[in-house]
Amino acid sequence: MAEMLGGTEYVFTEEQGQLRAAVRSFCADHIGESAVREWMASDPPFDAKVWARLGTELGVLGMAVPESAGGAGGTLIDQAVAVEELGAALACGPLFGTVYLAIPALVASSDSGDLLDALVEGTRTAAFAVPEDAATFDPSAVTVDAVRAGDGWTLTGSVERVVDAGAADVLLVAATGPDGVGLYAVDANDEGVQRVSLTTLDLTRPQASVTLTGAPARLVSGPEEAERVVTHALQVGAALLAVEQVGAAQHLLNLTVDYAKNRLQFGRPIGSFQAVKHRLADDLVAVEHARSTAYHAVWALTDGSDDPALAVAIAQATSSAAFVRVATDTIQVHGGIGFTWEHQAHLYYKRAYTDAALLGSAEAHRSRVAEFVLDVAPDKDAPRVATGTPS
């Protein structure tokens, strides 16, 4: 767990530094650019063996899961440290559906059954089929119905654009039953489940539309706790997504600075030109700002030191904008080669724009921040003014 110095300053522990080094080394050995390109064109779009090793050898799929539930017994801060390195490597796999959303939901629920163990070990994967708006849960937006069937339930309805649903073993679905909205676990391979893969900008983060037709389900969280569980999962997911964006943006910044130091024009490194070095300096400020807000959100969720909803909204607004900005500048500074299929910059560029649309855009989260701070709901009919910041 990170320590607080003087009441305001946070530092990472030595163990967290070792965790960061271990995950970075693993990514260098097993999640390189060539592997990512191969996986994003395969079905499923990740290596199941590498995924399982993340769960068993490194234990990073369930860092914040209690040991009693099969996890590493760490904190959400430990989980974030690992996620930052996985984001830097552009890791393929169901991180979003399994680690960011499903596992936090199951940890917060009162009846996760045996689902959690398999997800933490990496032997099964999950997707979170729950409608949301800027990482907030609206039970009235649920489009799936739950009906009792003997000792269990059956679900009927559809959920659009579910990240990681195509290759998931388990779907966690929000559905409306006779007593209200609950969270249910569904075997994704059941004949009552239809998944239609969607064409996405980021091939490393696939999505699918899910249609359920009398699909057998097990209740994970009843109406009395489902809203709390889902809200917690969405907030954790948004915070971890922000940390992932920071890791990817930092990787691109390092890549671009190195290129600017070595690429010569007119006999000088392009990094010595004012236009380039000022752009990179602004990118550094953006990344550091994003890192601060992302980890602040994680700390707020860990110890309740600040309002988690506000902290998460700030983190997502800042990190989404920073990642998009750095990804765009990476291509600009690299010039012609930055636009080619062979260069890794476009992979991160697509991830940046995809991440910025998940769990709420930067604009949506800025509106939430204004609502929290001013205690005034934004006027949805008011004209939008361009800020000059990509979102």
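Modeller: Happy to. Keep in mind that this is a predicted model. C27 counts as buried, at 5% relative accessibility.

Biologist: And C92, buried or exposed?

Modeller: C92 is buried as well, with a relative accessibility of 6%.

Biologist: How many disulfides do you get?

Modeller: The count is zero. A disulfide needs the two sulfur atoms within 2.5 Å, and the cysteine sulfur closest to that of C27, in C92, is 11 Å away, so it is too far for a bond.

Biologist: OK, new topic. Which residues have the most contacts inside the largest nonpolar core?

Modeller: Those are I31, Y100, F128 and L172, in a core of 102 residues. Helix 7, residues 226–262, supplies the largest share of this core, with 18 residues.

Biologist: What does L172 touch, leaving aside its neighbours within four places in sequence?

Modeller: Its contacts include A102, A105 and L106. Also among them are F128, V130, L183, Y184 and V220.

Biologist: What about a second core, which residues does that include?

Modeller: There is a separate one of 22 residues, and W153, V186, V193 and A215 are among its members.

Biologist: Now the outside. Which residues form a nonpolar patch on the surface?

Modeller: F372, V373 and L374 do, and together they have about 290 Å² of accessible area.

Biologist: Where is L374 found, and why does it count as exposed?

Modeller: L374 is in helix 11, which covers residues 362–374. Its relative accessible area is 58%, and exposed means over 50%, so L374 counts as exposed.

How values were computed
Residues are numbered from 1 along each chain as its sequence is written. This is a predicted model: local features need pLDDT of at least 70, side-chain atom pairs count only at pLDDT 80 or more; totals for chains, interfaces and linings use all residues. Side-chain values use heavy atoms; hydrogens and water are left out. Buried means under 20% relative accessible area, exposed over 50%, partly exposed in between (1.4 Å probe, protein chains only). A nonpolar core is a set of buried Ala, Val, Leu, Ile, Met, Phe, Trp, Tyr and Cys residues joined through side-chain atoms within 4.5 Å. Helices (H or I, at least four residues) and strands (E, at least two) are DSSP runs, numbered from the N terminus. Contact means heavy atoms within 4.5 Å. Patches are made of residues with over 30% relative accessible area and no salt bridge: like charges are joined within 9 Å, nonpolar side chains (Val, Leu, Ile, Met, Phe, Trp, Tyr) within 5 Å. Accessible areas come from the Shrake-Rupley method with a 1.4 Å probe; for residues, only the protein chains shown count as cover. A salt bridge is a side-chain nitrogen of Lys or Arg within 4 Å of a carboxyl oxygen of Asp or Glu.
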